Amino acid sequence: MTQGFSAYLNALRFGAALVVLIGHWSYFTQDAAISGWILDRDIARDAVVIFFVMSGLVIAYSSERKRELGLSGYTADRLGRLWSVAIPVVVISFVIVKLFNAADIRFMPNYPDNPVEWVQMSAMALSFSNQVWGFNTDVVANAPWWSLSYEAWYYAIFGVVFFLSGYRQVFWATLLFFCAGPKIWLLGPAWVAGVVLWRMIAAGHHQKLSSQTAWLGAGLTLGLYLAAQGFDIPNWIKHHTEAVLGSDVYDAMGMSAPFVWLNILGVLTAINIVCCARLYARDNAPDGPVRRSIHWFSDATYSLYLLHMPVIFTVYSLLPETTPWLTRAVLYLAAPMAVSLLFAQVFERRDWGLRARLRAWAARFRDNGGHSTARLQEPASA
């Protein structure tokens, strides 16, 4: 993992978060032609698949670097990473909804009406069970939350496969795979592609590419994606997938419904990344101002991803209906960016000590009779 390749991955990660923001921005600016084009192309969901590929790569990479943590330490890191932002977002959503409700301002659609429903929603959100099998539970209309459920299950399955062996590995992997359900399975190949991608890079296979081939591959994959969107090929694939499976089955797949196109995109993303790994294979130059800025913004990716919808809904609720389109359009982009960067400074970058507390708990668990996995391969934080 050279300095240059790390900066490229961070730029790609933050860029994907911006695409998700723009995709959801278009929901609130539908009176513009560009918004209709963005909505029709569903670029936000495409960007999530890029996250899945990168997640598989980064988790595989970090796992090999911190083998000493064990399965319990890995679990602590992954939960710490997810909860460090997810818990504050749920709490903030609850507070804002209550304040707006008291002022007779409708904040978000589909928010719970009583404490019991809030507890149920929060429990599903923070256990990442809101997308298993037939569940498709909204988390206060926070559309991106669906992918957290997918990520959490991929983390769990990877962890037991990576750490355990023999019958324990088979048992726990099978159990988790079954609990996740078919919707989550369908996009699993994109996440696994990231794991395979890191194995290739770690083994040095990317360096077998010539510089010219790597440039060609990086440019061609980007060009193919842009051409596919330009000619509306993803929607053509989606329509044919629905025709083959039937509308009822297709609709039951929820966010995984266009799985054929999304996994094709996963392959294109993996090819692009391996080509860029070759281009940055010898780039270990010290980070300058540009790269430091990339890393800094990238550290707020998770916050931007999970907080932008509540912020946009808040701005939407507060703005008068007579607000000019351009003002609304700018605020729907600027407000989530500003709030997310501030939020990340408080929660994401420091994770408010949650990961350290969970690691300490995991260490005590091992010391007090938990099964040690130090002899096994182990993951770490990303």
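Is Asn 272 buried or exposed?

Analyst: Asn 272 is buried, because its relative accessible area is 15%. Buried means under 20% relative accessible area, exposed means over 50%, and partly exposed lies in between (1.4 Å probe, protein chains only). This is a predicted model, where local features need pLDDT of at least 70, side-chain atom pairs count only at pLDDT 80 or more, and totals for chains, interfaces and linings use all residues. Residues are numbered from 1 along each chain as its sequence is written, and side-chain values use heavy atoms, with hydrogens and water left out.

Now place the residue. Asn 272 sits in helix 13 (residues 259-279). Helices are DSSP runs (H or I, at least four residues), numbered from the N terminus. Next come the neighbours. Leaving aside residues up to four places away in sequence, Asn 272 touches Tyr 8, Ala 218, Thr 221 and Leu 222. Contact means heavy atoms within 4.5 Å.

Look at the nonpolar core too. A nonpolar core is a set of buried Ala, Val, Leu, Ile, Met, Phe, Trp, Tyr and Cys residues joined through side-chain atoms within 4.5 Å. The largest one has 99 residues. Phe 52, Trp 145, Leu 148 and Ile 273 have the most contacts inside it. Helix 3 (residues 43-65) gives the largest share of this core, 14 residues. Take Phe 52. Its partners include Trp 146, Tyr 150, Leu 187 and Trp 191, not counting residues up to four places away in sequence.

Notes: Helix = DSSP H or I, 4+ residues; strand = E, 2+ residues; numbered from the N terminus.
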